[in-house]
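The points should be read with the structure open alongside.

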Amino acid sequence: MYKLIMCIVPHNSGEFITDAAKQAGAVGGTIIMGRGTASNSVLQLLGLGDTSKDIAMNIVEQSIADKVCNQIEQACSTKKAHFGVLFTIAVDDFIKAGSVEQTGADKKQITGEDNMEKYEMINIIVNKGYAEDAMAAARKAGAGGGTIISAKGTAREGDATFFGVDIVPEKEMLMILVPQDKKEAVVAAVKELACFQKAGSGIIFCNTANNFTLLGK
């Protein structure tokens with residue numbers, strides 16, 4: 001059983017996070033570059049301004065997940081307030097390259113933080129240029145801010161679709177953290193955008209985000 005620990009922090013701080021995770025037993029991590037979209041008036045709560053961001057990801061065994069999270073929080077206690085955010089996501093299946101072993105996660109055991117406010121990670125993949133429109137609609141529905149990752153399609157020109165989404169070279173992935181009670185309103189608002197009316201123009205999927213924590217002082 002495993003957990004994915006995700007931290008969104010300022011650019012060039014990703015290795016600081018993964019180094020802290022290693023001190024608590026994590027084997028390694030992956031750092032993705034993105035950019036924040038939060039306005040100063042809304043989601044200073046998440047500390048995600050319109051600046052470059054590092055998204056540090058570590059997959060760890062559930063038995064050490066709390067220890068790794070605590071080590072990251074302690075390391076970030078020397079940083080400024082609203083340095084970043086940390087949250088975890090249940091990993092249902094984890095397959096390592098070069099191995100046929102597949103691990104299944106017990107969701108009830110992994111996502112049992114009943115005494116904590118629940119958050120959802122809303123993931124929106126759209127053609128390049130539309131992530132800001134999606135973020136604007138999400139804000140009107142109660143979201144504070146998000147992080148945009150530049151991406152690209154993987155199919156050859158002329159290939160039809162992937163999950164019904166037209167394949168184009170340039171993509172953007174928008175990740176928005178919201179309390180669970182705001183998820184439906186945010187998803188509904190994004191679905192009403194003109195850029196989502198054309199079949200194949202984008203996809204939305206959501207994950208439960210556990211152990212939501214603000215990093216910093």
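1. Strand S4 (84–91) is mostly covered, with seven of its eight residues buried. Buried means under 20% relative accessible area, exposed means over 50%, and partly exposed lies in between (1.4 Å probe, protein chains only). Helices (H or I, at least four residues) and strands (E, at least two) are DSSP runs, numbered from the N terminus.

2. A word on the source. This is a predicted model, in which local features need pLDDT of at least 70 and side-chain atom pairs count only at pLDDT 80 or more, while totals for chains, interfaces and linings use all residues. Residues are numbered from 1 along each chain as its sequence is written, and side-chain values use heavy atoms, with hydrogens and water left out.

3. The strand partners of S4 come next. S1 and S4 run antiparallel and are joined by seven bridges; methionine 6 stands opposite phenylalanine 87 of S4. S4 also pairs with S12 in the antiparallel sense, over four bridges, and leucine 86 has threonine 213 in S12 as its bridge partner. Two strands pair if DSSP finds at least two bridges between them.

4. Helix H1 (residues 14–23) has Gly14, Ile17, Thr18, Ala20 and Ala21 as its buried residues. They lie on the same side of H1, because they cover an arc of only 155° around the axis; the arc is that of the directions from the helix axis to the C-beta atoms. Glu15 and Gln23, on the other side of H1, are exposed. The cover over the buried residues of H1 includes strand S1 (2–10), strand S2 (30–36), strand S3 (52–61), helix H2 (62–76) and strand S12 (202–215). Just after H1, glycine 25 takes a positive phi of about 115°.

5. For helix H2, the 15 residues should span 21 Å at 1.5 Å a residue, and the end C-alpha atoms are 22 Å apart, which agrees. The expected span is 1.5 Å times one less than the number of residues. The buried residues of H2 are Ala65, Val68, Cys69, Ile72, Ala75 and Cys76. Their arc around the axis is only 130°, which puts them on the same side of H2. The face turned away from the buried side of H2 carries the exposed residues Ser63, Lys67 and Gln74. Among the elements covering the buried residues of H2 are S1, H1, S3, S4 and S12.

6. How many aromatic pairs does the structure hold? There are two. Rings of Phe, Tyr and Trp (its six-membered ring) pair if their centres lie within 6.5 Å; planes under 30 degrees apart count as stacked, over 60 as edge-to-face and the rest as tilted. Phenylalanine 16 and phenylalanine 83 have ring centres 6.5 Å apart and planes at 80°, so this pair is edge-to-face. The pair links distant parts of the chain, 67 residues apart: phenylalanine 16 is in helix H1, and phenylalanine 83 is in the loop between H2 and S4. Phenylalanine 16 is partly exposed, with a relative accessible area of 29%, whereas phenylalanine 83 is buried, at 5%. The rings of tyrosine 119 and phenylalanine 212 have centres 4.1 Å apart and planes at 20°, so this pair is stacked.

7. Finally, isoleucine 122 belongs to strand S7 and is buried, with a relative accessible area of 0%. The C-alpha atoms of isoleucine 122 and phenylalanine 205 are separated by 6.1 Å, although the two residues are 83 apart along the chain.

Technical notes: Contact = heavy atoms within 4.5 Å.
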